[in-house]
Amino acid sequence: MNDCKCKMNNDLSLIKDVLLEYGNTSSNTITILQKTQEIYGYLPVDVIYHIAARIGSTPAKVMGVATFYNQFNFQPVGKYLIMLCQGTACHVNGSQRIEKAICEELKIKDGETTPDGLFTIKNVACLGCCSLSPVMMIDGETYGYLTPEKTIKILNDFRKRGQKTCEL
Amino acid sequence: MRIVVGMGSCGIAAGAKDVYQAICAIKKTDDDFTVGVTGCIGMCFLEPIVDIYDDKKNLLHRMGNVRVKDVALIVQALRENNPDRLAPLCITPENADFLKKQTRIALQHCGVIDPTDINDYLASDGYQALQKVLKSMMPEEVIEEIKISGLAGRGGAGFPTWFKWDAARKAPSNTKYMICNADEGDPGAYMDRAVIEGDPHSLIEGMLIAAYAIGAQDAMVYVRAEYPLAIIVLEDAIKQALDKGFLGQNILGSGFSCNIRIKAGAGAFVCGEETAMLESLEGKRGMPRLKPPFPAEYGYNGKPSNINNVETFANIAWIINNGGKKFAALGTEGSKGTKVFALTGKIKRGGLVEVPMGMTLREIIFDIGGGIRKDKEFKAVQIGGPSGGCLPASLLDTTIDYKALNATGAIMGSGGMVVMDSSTCMVNMAKFFLDFTAKESCGKCTHCRLGTKRMLEILSRITEGKGKEGDIELLEELSYAIKDGSLCGLGQSAPNPVLTTLNYFRDEYEAHIVDKECPAKECTELLVYAILADKCTGCTLCARKCPTGAIHGEAKKLHTIDQDACIKCGQCVDLCRFAAISIEGGSRHADN
Ligand SMILES: Cc1cc2nc3c(=O)[nH]c(=O)nc-3n(C[C@H](O)[C@H](O)[C@H](O)COP(=O)(O)O)c2cc1C
Ligand code: FES
């Protein structure tokens with residue numbers, strides 16, 4: 001992680017509406033950060049400075065809140081975020097084998113992004129589909145009853161889809 | 001007739017969306033049936049589920065594991081008005097028993113009504129309880145009815161609901177808040193998600209009744225970030241309730257006003273703890289507050305607030321409609337009503353189970369859940385999640401009752417019930433939970449922050465075969481210190497998974513520490529791979545593919561594995577066509 005990929009000249013106007021709607025009080029900090037992440041894909045440092053100034057807080061305070069929660073990313077994430085469940089039910093039904101398969105296939109570890117910017121993998125604690133364990137979620141879709149083979153097939157499908165949209 | 005597809009998150013993950021779209025695609029406008037959706041009925045092992053109802057809403061057929069290729073037959077059968085043709089797709093009577101042995105109150109509408117249409121809820125007596133309360137009951141009378149019901153909080157601690165409402169009602173302030181805890185942090189429990197996705201109005205109705213009882217005009221639902229569908233369904237339900245006048249200003253002309261907002265969590269287990277949730281709702285780091293003052297006095301923004309779990313709220317309308325006495329008639333002396341459990345793990349019929357308190361673990365796991373997959377032997381059941389414990393077969397006759405479960409060292413918790421067979425290592429399970437709590441500790445209390453880390457280190461070294469004499473005692477000492485030295489329930493209960501496994505599966509710890517063996521054959525570092533002389537044909541496949549070159553032998557002769565070079569990746573086992581490679585839990589057996 002020594003080469004930070006954050007851009008420092010982000011278009012701050014993208015969150016104008018978010019700040020208009022929620023920026024009047026610091027009790028909306030988490031909501032603002034969530035909406036910001038939806039827009040940029042992660043929380044760039046310069047945007048955090050901007051938010052802090054607008055809600056009458058300090059960058060350190062806003063950063064303190066952001067780093068407390070697992071949901072926030074401070075580096076750009078891949079086009080497809082793989083949320084791999086490591087909850088109890090998934091653990092008992094072999095989620096480590098799925099993690100091994102994904103990590104070997106994509107050659108990245110938990111929290112990392114593939115060099116082509118297509119995939120990021122993140123371990124999460126439970127996706128609420130425990131009866132279909134082991135489970136992962138990509139792009140809001142949940143995939144259950146995973147086996148290493150099935151997982152790799154799903155990744156390949158996404159890879160094809162991702163490359164196609166890049167060509168367009 | 002009406003075709004209804006179960007479209008909860010779990011149904012969709014199993015393929016329900018494709019089935020639903022396939023039905024819609026071939027349905028013609030002049031077809032004599034309608035198509036609808038519903039939430040999760042809890043029979044998750046049968047997803048995707050498709051139901052056929054007649055025009056009087058009687059269930060004619062329930063089909064399980066429906067695939068897109070079955071859709072043509074289903075539509076054809078309905079066109080011919082011959083639903084009996086669907087018999088081959090229907091679930092077996094045995095599987096239907098899964099529901100028959102349950103008593104449904106909190107889940108009464110889940111998987112039955114259409115959660116996207118408020119009219120369906122209204123047709124099932126929806127919002128009747130709210131009308132009754134607003135028209136004919138004083139707040140004190142509402143609280144009295146809940147007191148009679150004996151309802152206790154379903155979020156974990158089991159605190160009497162009426163008591164909290166009463167305290168919040170009596171707290172002097174014009175501004176009060178009603179908060180719903182939908183953070184559902186126990187990894188392995190998902191009843192709250194099922195209620196929000198499948199019956200959002202019962203949550204809204206329960207919250208409104210509670211808000212009326214304590215005198216709150218503002219309500220919030222704190223939903224877990226990992227539940228995107230639940231947030232969408234609830235947002236839509238709130239809009240529909242507003243349109244119908246069940247929410248907002250001057251509800252049903254009663255003079256009572258209340259709004260409900262959704263706040264999405266951001267992924268922190270500790271925010272399920274009520275005071276941490278308050279901090280998070282205020283936009284801060286979710287660090288628990290010192291209690292007292294309790295939220296009933298000093299809650300959101302310092303105002304009196306009441307926090308209840310989703311399942312707690314889902315019981316309220318039923319209690320008002322049917323009377324507290326009827327609720328209290330179910331259950332045991334100290335635990336009234338029903339409780340929902342998420343039955344998962346190595347269970348045959350996994351899903352959501354709502355049973356009266358007083359049922360035994362055995363009845364839930366074997367009679368309802370159908371026992372262990374592949375008829376393997378039951379080893380343990382984990383209840384209460386990271387704050388709970390693992391109970392062995394000898395305790396299967398423990399009843400579902402707050403006191404009885406506490407006496408075992410586990411807790412009722414929010415209702416996660418993960419079943420394990422002989423392939424799950426109990427030391428590794430304890431390590432799994434400590435890994436979780438160590439990561440999720442907010443860091444405020446030293447004992448919790450550092451103690452869980454030290455415990456995790458000890459458990460890690462035990463599972464790696466580096467356990468030392470005295471490690472068990474050290475774990476116990478740390479456990480009690482963390483319990484004493486932590487402010488909130490996270491730290492106070494974090495050692496429970498270790499203490500219960502130490503209590504009931506101590507021999508497994510000893511096998512790891514003394515014999516360097518993992519009886520469940522799960523802890524990789526301890527495993528020993530060996531080639532069976534009577535099965536090996538000397539085909540050389542394993543030797544050629546071994547990533548570390550640890551397998552030696554000449555063609556057509558017995559091969560051997562160099563234990564020092566073996567990294568226990570297991571590839572040779574998958575590759576061998578003669579099942580000639582054995583795995584032992586430790587070197588003691590392999591030597592023999
Ligand atoms: C670490 C920790 C996590 C908790 N997580 C949850 C949770 O996810 N959902 C929940 O309803 N209660 C959770 N609780 C319990 C809440 O603090 C609180 O007791 C509960 O929401 C009260 O509602 P009830 O009385 O209806 O159960 C948690 C408690 C602790 C200590
Ligand atoms: S434990 Fe994986 S979805 Fe719940």
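User: In which handedness of crossing does H3(A) pass H4(A)?

Analyst: A crossing is left-handed if the near helix is turned anticlockwise from the far one by less than a right angle, and right-handed if clockwise. H3(A) passes H4(A) in a right-handed crossing. Helices (DSSP runs of H or I, at least four residues) and strands (E, at least two) are numbered from the N terminus. This is a predicted model, in which local features need pLDDT of at least 70 and side-chain atom pairs count only at pLDDT 80 or more, while totals for chains, interfaces and linings use all residues. Residues are numbered from 1 along each chain as its sequence is written, chains are lettered from A and ligands numbered from 1 in the order in which they are written, and side-chain values use heavy atoms, with hydrogens and water left out.

User: At what angle do helix H3 and helix H4 of chain A pack?

Analyst: Axes are lines fitted to C-alpha atoms, for helices over the stretch in contact, and angles run from 0 to 180 degrees between N-to-C directions. Helix H3 (residues 45-54) and helix H4 (residues 59-68) of chain A pack at about 115°, their axes being 8 Å apart. Angles under 35 degrees count as roughly parallel, over 145 as roughly antiparallel, 65 to 115 as roughly perpendicular and the rest as oblique. H3(A) and H4(A) are therefore roughly perpendicular to each other.

User: Which residues of H3(A) and H4(A) meet?

Analyst: Contact means heavy atoms within 4.5 Å. From H3(A), A:Ile48, A:Tyr49 and A:Ala52 meet A:Pro59, A:Val62 and A:Met63 of H4(A). The residues of this contact divide into six nonpolar, no polar and no charged. Here Ala, Val, Leu, Ile, Met, Phe, Trp, Tyr, Cys and Pro count as nonpolar, Asp, Glu, Lys and Arg as charged, and the others, Gly among them, as polar.

User: What is the order of the four strands in the open sheet of chain A?

Analyst: Two strands pair if DSSP finds at least two bridges between them. The order in chain A is S2-S1-S3-S4, with mixed pairing. Strand S2 (119-124) and strand S4 (141-143) are the edge strands, each pairing on one side only. Strand S1 (residues 80-85) of chain A pairs with S2(A) in the parallel sense over six bridges, and A:Leu81 has A:Thr120 as its bridge partner in S2(A). Helix H6 (residues 95-106) lies across S1, S2 and strand S3 (136-138) of chain A, running at about 155° to S1(A).

User: What is the order of the five strands in the open sheet of chain B?

Analyst: The order is S10-S9-S13-S11-S12, again with mixed pairing. Strand S11 (residues 378-383) and strand S13 (residues 416-421) of chain B run antiparallel and are joined by five bridges. Helix H17 (residues 426-440) lies across S11, S12 and S13 of chain B, at about 15° to S11(B).

User: Where are the cis peptide bonds and the positive phi value?

Analyst: Most residues other than glycine have a negative phi, and most peptide bonds are trans. The bond from A:Ser133 to A:Pro134 is cis, with omega near -5°, and A:Pro134 lies in the loop between S2 and S3 of chain A. Another cis peptide bond joins B:Lys291 and B:Pro292, with omega about -10°. A:Lys107 has a positive phi near 55° and is found in the loop between H6 and S2 of chain A.

User: What is the mean pLDDT of chain A?

Analyst: pLDDT is the predictor's confidence in each residue, from 0 to 100. The mean for chain A is 92, and 93% of its residues reach 70 or more. Within chain A, confidence is lowest in helix H7 (residues 148-167), at a mean of 87, and highest in H4(A), at 97.
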